[in-house]
Amino acid sequence: MIRSESEMRQLTKKILANAETEIVEYKEAKRKFGLDDLGKYFSALSNEANLRSAECGWLFFGITDNRQVCGTSYRQEQGPHSAGLQKLKHEISQKTNGGMTFEEIYEYQLDGHRVVAFQIPAGTFATPTTWQGVPWSRENESLVQMPKFKLEAIYGQSRPDWSRQIAYEAGLSDLDDEAVDFAYRKFVDKFAETQPAIASLSRDDLLGKMGLTIHGRVTNSALVLLGKPESVVFLGGIEPRITWTLYSSRGDTVAYEHFEPPFILQVDKVLGKIRNEKYRFFDKDTTLFPTEARRYTPEVIRELLHNAIAHQDYRLSGKINVLEYEEKLVFKNEGSFIPGSIEQAIQSGYKPPYYRNPSSRTQ
């Protein structure tokens, strides 16, 4: 929220009057302040705000450590606002993860002195804010690379599981009978050999064992996977949808089709839209009979589509897209990667600290 100069003066005086806090830093910065040091403070204050569930952190230039207003000429230019200050947003975003940068930079007069205030957003969920790949934090008056216990605190953060939340207005009658029967058969087939008692459970009991109902109440994941198409009305404006689109060699849209819940019955229908022609090739020199195979392995398509369904961030109200080009298939879903970067995730032994929708996994 952009504040006026008078609002910023009042806010600054209020912050100065409060006890010492790890989400506020004061620097004289009379004329210069290195970009690298500024980036480290951005990382540290963002992380401290995250750990303390604060909306943001603050870095003030023109105020001493003992909270005396001294003024600063840092990037001061002619006119009411310094363009050089606003360029900092881009400069900082180039070296932080996710392109994070200041929410706002304020330039105003306080007690007759120029003060610059940097509003720093709290770090994103379960992901430390880094500067040039390194997470920083505050330790009393010191700026240090984030210690292990703070990193573990951030990586161990948990949020409400949207897929497990109960859709209170929905009932079992809002689930599609065919989809429920299909889920029942698949679940029994998978576990009946090791858990014979499963085959004797009723459909309703098995829905609870699968985590799709809680004490007989329907969850969001149950509506996505098993719900009748019209049952999405109980998801509070969220409309789950899978869209298959076929493109020509020129990139033009040739055909498309939408698939609504119940998603458990739509996977094979999406697979049926994909052109998965057979082809022949010779893999041995000792025979004149070629080996026959399909262009795409159905199991791989199933895996990708199930992952897209399970890890979609449905709160963003976006679609799951299956894009078919002449030379490739592309699967897209909404939400950021969990957590951090793809490079991190593909490292040997990597285990994600959390799943967005753990109870809606379909494999």
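**The nonpolar core**

Author: This is a predicted model. Its largest nonpolar core has 36 residues. Leu226, Ile242 and Ile309 have the most contacts inside it. Helix 7 gives the most, with five residues.

Take Leu226 in detail. Leaving out residues up to four places away in sequence, Leu226 touches Leu175, Asp176, Ala179, Val180 and Ala183, among others. Its list of contacts also includes Leu207, Leu212, Ser221, Pro262 and Ile264. In soluble globular proteins, nonpolar side chains tend to be buried together.

Another core, of 21 residues, lies apart from the largest one. Among its members are Tyr41, Tyr74, Phe102 and Val116.

Now the helix pair. Helix 2 (residues 35-51) packs with helix 4 (residues 148-155). The angle is about 60°, and the axes are 10 Å apart. Angles from 65 to 115 degrees count as roughly perpendicular and those under 35 as roughly parallel, so helix 2 is oblique to helix 4. The crossing of the two helices is left-handed. Helix 2 makes the contact through Asn47, Glu48, Asn50 and Leu51. Helix 4 brings Lys150, Ala153 and Ile154. By class, this contact of helix 2 with helix 4 has three nonpolar, two polar and two charged residues.

Key:
Residues numbered from 1 in each chain as written. Predicted model: local features only at pLDDT ≥ 70, side-chain atom pairs only at ≥ 80, totals over all residues. Heavy atoms only, no water. Axes fitted to C-alpha atoms, helices over the stretch in contact; angles between N-to-C directions. Helix = DSSP H or I, 4+ residues; strand = E, 2+ residues; numbered from the N terminus. Parallel < 35°, antiparallel > 145°, perpendicular 65-115°, else oblique. Left-handed = near helix turned anticlockwise from the far one by under 90°. Contact = heavy atoms within 4.5 Å. Nonpolar A, V, L, I, M, F, W, Y, C, P; charged D, E, K, R; others polar. Core = buried A, V, L, I, M, F, W, Y, C linked by side-chain atoms within 4.5 Å. Buried < 20%, exposed > 50% of the residue type's maximum accessible area, 1.4 Å probe, protein only.
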